[in-house]
Amino acid sequence: MNGLQGGKMLWQTRGCYSLGVQHGAYFSTSQNRNANKSFKLVVVGGGSGGCASAAKFASKLGAGQVAVIEPRDMHYYQAMWTLVGGGQKKLEQSGKPMQSVLPSKAEWIKDKVVGFDPDNSKVMTQNGDEISYEFLVVAMGLQLNFDVIKGLPEAFETPGVSSNYDLRYVNKTWESIQQFKEGNCVFSFPNTPVKCAGAPQKIMYLTEKILRMENRRDHANIIYHTSLPVIFGVKKYADALWKIVEERNIEVNLRSNLVEVRPDTREAIFQNLDKPEEAPKAVKYSMLHVTPPMSAPDVLRNSSKIVDENGFLNVNKETLQHMNYPNIFGIGDCTNVPTSKTAAAVAGMIGILRRNLTASMNGQPLKAKYDGYTSCPLVTGPNECILAEFDFQSPPQPLETFPINQAKPRWTMYNMKAHVMPHVYWQMLNGWWEGPKIFRKLAHLGMSR
Ligand SMILES: Cc1cc2nc3c(=O)[nH]c(=O)nc-3n(C[C@H](O)[C@H](O)[C@H](O)COP(=O)(O)OP(=O)(O)OC[C@H]3O[C@@H](n4cnc5c(N)ncnc54)[C@H](O)[C@@H]3O)c2cc1C
């Protein structure tokens, strides 16, 4: 069945269509309304990068010129899920209706992209529509591949197994911490790129500190298994984290990859990546927090003309323009920009995208260059945080905003993460935040990059 037939079937099943205008944002689920529509700019994805990109250009280009294709009703500030899993915030605080975060002058096509036709500047959607564009921004984020780990989907149905990475399982992390009595608390990091590479261990530090504060720490072994050969990719912060795990008696296993979960025997099975010939090791758990393997969404990774060999959108890491199709730009997690995948990186990219896409629309050379800025607030307890900020050099170098040692866990940084950053995030979606570069320059008296 081709996409158009699929769309017709959907249409017949529904027997009607909905077309609405709320808060000035259009939304539509009809096949007829969107079929063969064309826009100056189409944005695929209404997450962090998609919303911010649409906001920048909808006001500049005017009504009817920008469309955002996004299937979900709700937009979540995912960075808050670490604190939701750790019991410091409620899940409801992290979400807003999609229509309220998309720009009023953009048309919201509530649909899913199922194919790219870059040679004809078109995308195909699940409802069977073909949407044409002059320019395209791809901002599809990452796909969570839970089913790659044998037994994991079933294990999520049992007590003590959770993941802050998924809306369905994030509250279960806090339940698991509360219900924990004794045994192993196990935390995993997969053998793929992930969003927010600090998040798999932030929840571990929160768990450890909460058990300590509640006099339950003596009953727990806190165990971290990571596929990486390091605890963190930036030496300055890795050194600080090694000190913390030693002081707090946390066991760290490097190059150890979760391959299976056996809920019946409550065992997590880890493969030593440096010794694949060895039998995988079973680790008993009372609580298991899983960070799933991730990839670009299937529809993107299967679009061979626009992705690299790893399935990520193939863009110039400085200009964010596609390597082969100059009218395509990328932002955020789905691109192959070699920086740590975070909303902070999106903030660092959005000003570059604004300038370079505008230049491209005006037939001018692309002058803005992304420096790889990204940030990871490494929450180490319910009131302390290391604010890691760095770039994409090889190896990555710190690119810190404040003229203090940011590798030290601080109460001020925790408050910034918990109470200031959410506001900054929602402003970024409105197009009003392009990262802290200007503050960094001011704080370092113009001496910083
Ligand atoms: C637990 C956790 C903790 C985190 N902590 C931090 C942190 O402390 N700091 C930080 O900066 N970042 C953090 N992040 C990472 C941050 O949330 C992401 O890096 C950021 O959201 C990436 O933005 P994006 O636009 O690339 O992707 P997303 O925001 O994920 O948006 C992608 C959008 O594309 C849509 N989409 C997917 N497929 C299709 C399709 N076929 N058609 C149309 N639309 C589609 C999706 O529905 C989604 O809305 C964290 C994330 C998690 C899960």
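Let's start in a loop: Pro-395 sits between strand E23 (384-390) and helix H12 (411-429). Helices here (H or I, at least four residues) and strands (E, at least two) are DSSP runs, numbered from the N terminus. What joins Ser-394 and Pro-395? A cis peptide bond does, with omega at about 0°.

Some ground rules before going on. This is a predicted model, in which local features need pLDDT of at least 70 and side-chain atom pairs count only at pLDDT 80 or more, while totals for chains, interfaces and linings use all residues. Residues are numbered from 1 along each chain as its sequence is written, and side-chain values use heavy atoms, with hydrogens and water left out.

**The ligand and its shell**

The ligand has 34 residues around it, and Ser-48, Gly-49, Glu-70, Asp-333 and Ala-344 come nearest. A residue counts as near if one of its heavy atoms lies within 4 Å of the molecule. By class, the shell holds 15 nonpolar, eleven polar and eight charged residues.

Where does the ligand lie relative to the domains? Domain 1 (3-142 + 296-361) and domain 2 (144-293) both give residues to its shell, so the ligand lies between them. Those bounds come from an automatic or database domain assignment. Helix H3 (48-61), H8 and helix H11 (343-361) each supply at least two shell residues, and H11 gives the most, with three.

| Residue | Protein atom | Ligand atom | Distance |
|---|---|---|---|
| Ser-48 | polar side-chain atom | oxygen | 2.9 Å |
| Arg-72 | side-chain N or O | oxygen | 3.3 Å |
| Ala-344 | backbone N or O | oxygen | 2.8 Å |

Taken alone, the ligand exposes 1000 Å², and the protein buries 94% of that. Accessible areas come from the Shrake-Rupley method with a 1.4 Å probe, and for residues only the protein chains shown count as cover.

The expected span is 1.5 Å times one less than the number of residues. H3 is mostly covered, with eleven of its 14 residues buried; buried means under 20% relative accessible area, exposed over 50%, and partly exposed in between (1.4 Å probe, protein chains only). Among the buried ones are Ser-48, Gly-49, Lys-56 and Phe-57.

H8 (residues 199-213) tells a similar story in its own numbers: 15 residues should span 21 Å, and the end C-alpha atoms are 21 Å apart, which agrees. Is H8 enclosed or open? As 13 of its 15 residues are buried, H8 is largely enclosed by the rest of the structure.

Just past H8, Asn-215 takes a positive phi of about 55°. Asn-215 belongs to the loop between H8 and strand E14 (220-226), and at 69% relative accessible area Asn-215 is exposed. Arg-266 is not a glycine either, yet its phi is positive at about 50°. That residue is in the loop between strand E16 (256-262) and strand E17 (267-272), and counts as partly exposed at 25% relative accessibility.

Ser-163 lies in the loop between strand E12 (161-162) and helix H7 (170-179). Its relative accessible area is 0%, so Ser-163 is buried, and a polar atom of its side chain is 2.7 Å from the backbone oxygen of Val-290.

Ser-188, in strand E13 (residues 183-189), is buried at 1% relative accessibility. Its C-alpha is 19 Å from that of Met-80, a residue 108 positions away along the chain.

Ser-38 belongs to strand E3 (residues 38-44). With a relative accessible area of 53%, Ser-38 is exposed. Ser-38 and Gln-65 are 27 residues apart in sequence and 8.5 Å apart in space, C-alpha to C-alpha.

Key:
Polar contact = N/O pair within 3.5 Å; in protein donor to acceptor, adjacent residues only side chain to side chain. Nonpolar A, V, L, I, M, F, W, Y, C, P; charged D, E, K, R; others polar.
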